[in-house]
Amino acid sequence: MFSRVFSNPSKSNWIIQGAGLIWFLGTFGLLMFYGVDQSVAMVDSLVFAILFVVGVNVIDRTFDFYVPTGRNNSMLLIFPLLYSFIAIYFHYHLLKWVFDQNELYQSFLRENFLLKWVFLGVAEIFVAMLALAVSKLEEQNEAQKREVMMNELSREAELTQLRQQLQPHFLFNSLNSISALTVSQPQKAREMVLQLSDFLRGTIRKDHQQWVSLEEELSYLKMYLDIERVRFGHRLEVEFDLVDEVKQMRVPQLLIQPLLENAIKHGLYGITEDVKILVQAYKEQNYLMLKIENPFDPAVAAPKGTGFGLSSVDRRLFLLFGRRDLLESKAEHSLFTVILKIPQQK
């Protein structure tokens, strides 16, 4: 029990020894109060204290291997009382034998047999209840640790799943475009295959937990945009507006790409003229702020599948930070805006 409360075994031993010393001094004081000879009181108290310490250790070791539950809670009373009776019985006969010539003390032993049993029994019951409470707390702590571990494993699994969803989602769109270009523009199809290969080589082996600088993240985004430009040609223009101070700020790897892909879908679907998408990055307090703006035609229905980027990023932000206020989107005056707040790790 004490070894579970205190991680240092020597410290727990000192506590048990200290409790035994207090028990010895308390017993010695009571015996002197009742007029028992000092030498006899010394031996009586010492034996009584040793039996108390032995009882504490026995209960401690017992509850290390067996914790009573439900109907077995009666063991909290039965076991300490049984040990206490055996200990007091041993104490009585040992001291009766040691001081066999002291009739007055032997009479004192007989008269106080039950009283000593009650004292020792109550003390050992208290120790047993304390041991049970410590065991229950330890079980709760272990259960909480297991729950935290399971939640962490679940969180990691979902983050991995989101990451794995992202790659096929983008890859599927790219392969469709390559298929369409194979007959009409085989050179562009070949160019797109090479660019797609470079992009996947640089991103597919990345750890989803890794944070990278915004500058490094933008390099992957530009590789992605090179692929998209093969699909859409001169119609797609993406402008990056950022200051130098934000280039080294950290972002979860590949967090921005789904938002940019979503902007391209919104911006180019149903619009025949050139489309300009604006990506702004700036610092606001301890946040890296990213704003992505794209035009859209409110009279045209959104393309099927749109929304995966926003939902996946929102879920990933919640798994990483436990917050729902880090992603905002709005549509006003034929302009769709997404604002992403990324807390900076200290």
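In this predicted model, the side chains of R229 and D226 are joined by a salt bridge, with N and O 3.4 Å apart. Both residues belong to helix α8 and are three residues apart, about one turn of the helix. R229 is partly exposed at 31% relative accessible area, and D226 is partly exposed at 35%.

The count of salt bridges comes to six.

| Salt bridge | N to O distance |
|---|---|
| R229 and D226 | 3.4 Å |
| D244 and K247 | 3.3 Å |
| D325 and R323 | 3.0 Å |

In the bridge between D244 and K247, D244 has a relative accessibility of 61%, so it counts as exposed, the cut-off being over 50%. For the bridge between D325 and R323, D325 is partly exposed at 44% and R323 is partly exposed at 26%.

Helix α8 covers residues 214-232, which makes 19 residues. From its first C-alpha to its last it reaches 26 Å, close to the 27 Å expected at 1.5 Å a residue. The buried residues in α8 include L214, L218, L221 and L225, and E217 and E228 are buried too. After α8 comes G233, which has a positive phi near 65 degrees.

Helix α9 spans residues 257-268 and has 12 residues. Its reach from first to last C-alpha is 16 Å, close to the 16 Å expected at 1.5 Å a residue. Because 11 of the 12 residues of α9 are buried, this helix is largely enclosed by the rest of the structure. Among the buried residues are Q257, E261, N262 and H266, along with P258, L259 and L260.

**Aromatic contacts**

A pair of aromatic rings is described by the distance of the centres and the angle of the planes. The count of aromatic pairs comes to 11. One of them is formed by F24 and F28, which are stacked, with 6.2 Å centre to centre and 20 degrees between the planes. Both residues lie in helix α2 (residues 9-33), four residues apart, about one turn of the helix. F24 is buried at 16% relative accessible area, and F28 is buried at 18%.

The pair of W211 and F321 has ring centres 5.9 Å apart and planes at 90 degrees, so it is edge-to-face. It links distant parts of the chain, since W211 is in strand β1 (residues 211-213) and F321 in helix α10 (residues 308-321), 110 residues apart. W211 is buried, with a relative accessible area of 12%. F321 has a relative accessibility of 24% and counts as partly exposed, because buried means under 20%.

One aromatic cluster is made up of F85, Y89, Y92, F113 and W117.

The charged end of K116 is over the ring of F48, 5.4 Å from its centre. That of R324 is over the ring of F318, at 4.1 Å from the ring centre.

**Nonpolar surface patch**

Which residues form a nonpolar patch on the surface? The patch consists of L30, F33, Y34, L115 and F119, and together these have about 570 Å² of accessible area. Helices α2 and α6 (113-184) each supply at least two of its residues. L30 is in helix α2 and is partly exposed, with a relative accessible area of 44%.

Y105 lies in helix α5 (residues 103-111). At 3% relative accessibility, Y105 is buried. Y105 and L95 are 10 residues apart in sequence, and their C-alpha atoms are 9.2 Å apart in space.

The loop between β6 (327-332) and β7 (335-343) contains H333, and S334 is in the loop between these strands as well. H333 is a residue other than glycine with a positive phi, near 50 degrees. S334 is not a glycine either, and its phi is positive at about 60 degrees. Is H333 buried or exposed? H333 is exposed, with a relative accessible area of 80%. S334, at 37% relative accessibility, counts as partly exposed.

Definitions and conventions. Residues are numbered from 1 along each chain as its sequence is written. This is a predicted model: local features need pLDDT of at least 70, side-chain atom pairs count only at pLDDT 80 or more; totals for chains, interfaces and linings use all residues. Side-chain values use heavy atoms; hydrogens and water are left out. The expected span of a helix is 1.5 Å times one less than its number of residues. Buried means under 20% relative accessible area, exposed over 50%, partly exposed in between (1.4 Å probe, protein chains only). Rings of Phe, Tyr and Trp (its six-membered ring) pair if their centres lie within 6.5 Å; planes under 30 degrees apart count as stacked, over 60 as edge-to-face and the rest as tilted. A charge sits over a ring if NZ of Lys or CZ of Arg is within 6 Å of the ring centre and within 35 degrees of the ring normal. Patches are made of residues with over 30% relative accessible area and no salt bridge: like charges are joined within 9 Å, nonpolar side chains (Val, Leu, Ile, Met, Phe, Trp, Tyr) within 5 Å. Accessible areas come from the Shrake-Rupley method with a 1.4 Å probe; for residues, only the protein chains shown count as cover. A salt bridge is a side-chain nitrogen of Lys or Arg within 4 Å of a carboxyl oxygen of Asp or Glu.
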